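A guided account in running paragraphs would be welcome.

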Amino acid sequence: MPTRRLLLQCALWAPMAARAQTADSEETWKGLKPMFFGDRSIDEAPGYVTLDAPVRAEDAALVPVDVKFLSREKGDRVIAATVIVDENPSPLVTTVTRGRIDPGDFDLSLRLRVNSYSYVRVIAETESGALHMVKAFVKAAGGCSAPASKDPEEARANAGQMRFRSFAAQSRAEAQAMIRHPNYSGMQMDQITRMYTPAWYVTSVRVLQGDEELFSMKNGISLSEDPTIRFSYAANGKPVRIEAKDSQGGEFSQSFASDGGVL
Amino acid sequence: MTAPSRLRLAIVALIVSVAAASAAPAEIAAPAEIAAPAEIAAPAEIEGYRLDAYQAPVPETLMGRPALSFAEARALFEENILFIDVLPHAPRPEGLAPDAVWLDKPHISIKGAHWLPEVGRGEISAETEGYFKRALARLTDGDLARKMVFFCKRACWMSWNAAKRAQSFGYTHVLWFADGVEGWREADGPMETVTPDP
């Protein structure tokens, strides 16, 4: 329902002033940083990780971001990245950890919720334990409370279904994992009861190639409905297995052929 | 790396939440990127309640009575008239992992205002309606003729809805300050951090 979504973006507590938007977000981050990283120092040194996010999002509940773990000729490669949206009441989107550290780039794209104008930031951790940050300011609002796009019964019936797709045919060394799940944020109004729908979301994801873990994720409620992750991938004949757990104890997994076909 | 112990998180959360309360408000500021509300033709009043897209140009009147100017609202404030803020407020979600960070940012409103979240939505649950009725009865000592001023954000239909709903409960002196928290702040009206009324 694109029309409804558009209306809602205008509707919900959109911080609309140019004034002090980025300053507010930085102020929030000052408070958040110790909650996630204690007193560890974080710099903004280039060359470790990049973040690509829209300046203004069409749909605040589905903001696409691309995170790239850069190749490191001199070592100290990035092993994990935490994605945070400062102004979301629950700011953690996910922490992505690579299962295998190879010298090349590793790209990961996902979709997240933005509740009000905010920096999206990625804090990368390297092999030596150093933290390096990149950030992008995104103008979007209402993403945490926007109604789910599917009705609750349908969402529950299909929760945990998975898709896997390889883009090798398009000459791209990428694949996409999709997990059907309403990923309720707990901030959405139930359209029938007019009460907040309790949070119910995918808390962890693992993607394996054969026995080897490609990456894993630990998520909060700021990841979008139907978590969809696109990532660097080269088929090697071994099947791909996607595993997921949710906040109500649900455990889901499915295996796919190396090229994305059904096993 | 990002799994600090729950204890540490809890302690840090406590410290930060105390610090945040005194920090500059991350309040939503006045519209700068859209035309000022005055430049947009005010829509007519509607039947019933506005059901969605609450933050949008609002009518000039509530049941035919013009919205209060800042000067009028300020005069009522000096008379200690009841001010009611209806900004919605999502509490920490049921079902959110206990160790997940949840930041409840301080809400800075008109000084002395009573904050009744959710009562200005277009459709409300029986529970919310009961909460609204009980809160009004308590705040007015059951006096249906008591003056009250509803507001939320500037150009937000939730305050219009809530004011209209209060009239439907039988309150006869219901006023509406459509410029909301932003209008009050810009005119240097007294403000303070408020918490939702129980």
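In this predicted model, an open sheet of chain B is built from four strands in the order E5-E3-E6-E7, with parallel pairing. Its edges are formed by strand E5 (114–115) and E7 of chain B, each of which pairs on one side only.

Within this sheet, strand E6 (148–151) of chain B has partners that can be followed in turn. Strand E3 (residues 82–85) of chain B runs parallel to E6(B) and is joined to it by four bridges; in one of the pairings, Asp85(B) has Phe151(B) as its bridge partner in E6(B). E6(B) is also joined to E7(B), again in parallel, by three bridges, and there the bridge partner of Val149(B) is Leu175(B).

The side chains of E6(B) deserve attention as well. In a regular strand, side chains alternate between the two faces of the sheet. Met148(B) and Phe150(B) point one way from E6(B), whereas Val149(B) and Phe151(B) point the other way, and all are buried.

Together, E6(B), H4(B) and E7(B) make a right-handed β-α-β unit. Helix H4 (residues 157–168) of chain B has twelve residues, and the distance from its first C-alpha to its last is 16 Å, close to the 16 Å expected at 1.5 Å a residue. Is this helix largely enclosed or exposed? Ten of the twelve residues of H4(B) are buried, so the helix is largely enclosed by the rest of the structure. Among these buried residues are Trp157(B), Met158(B), Trp160(B) and Asn161(B), and also Lys164(B) and Arg165(B). The buried residues of H4(B) pack against strand E1 (61–62), helix H3 (126–140), strand E6 (148–151), strand E7 (174–176) and helix H5 (180–186) of chain B. Just after H4(B), Gly170(B) takes a positive phi of about 110 degrees.

These parts can now be placed in chain B as a whole. The chain contains five helices and eight strands, and from the N terminus on its elements follow the order α-β-β-α-β-β-β-α-β-α-β-α-β. Of its 198 residues, 36% count as buried. Among the contacts in chain B with a separation of 6 or more, 79% are between residues 24 or more positions apart.

Strand E6 (residues 106–112) of chain A is mostly covered, with five of its seven residues buried. Which strands pair with E6(A)? One is strand E3 (residues 63–69) of chain A, which pairs with E6(A) in the antiparallel sense over seven bridges. In this pairing, Pro64(A) stands opposite Arg111(A), and Lys68(A) has Asp107(A) as its bridge partner. Another is strand E13 (residues 228–232) of chain A, which runs antiparallel to E6(A) and is joined to it by two bridges; here the bridge partner of Ser109(A) is Arg230(A).

How values were computed. Residues numbered from 1 in each chain as written. Chains lettered and ligands numbered in written order. Predicted model: local features only at pLDDT ≥ 70, side-chain atom pairs only at ≥ 80, totals over all residues. Buried ≥ 20, exposed ≤ 12 C-beta atoms within 10 Å, placed from the backbone. Pairing = 2+ DSSP bridges. Contact = placed C-beta atoms within 7 Å. Expected span 1.5 Å × (residues − 1). Right-handed = clockwise from strand over helix to strand, strands pointing away.
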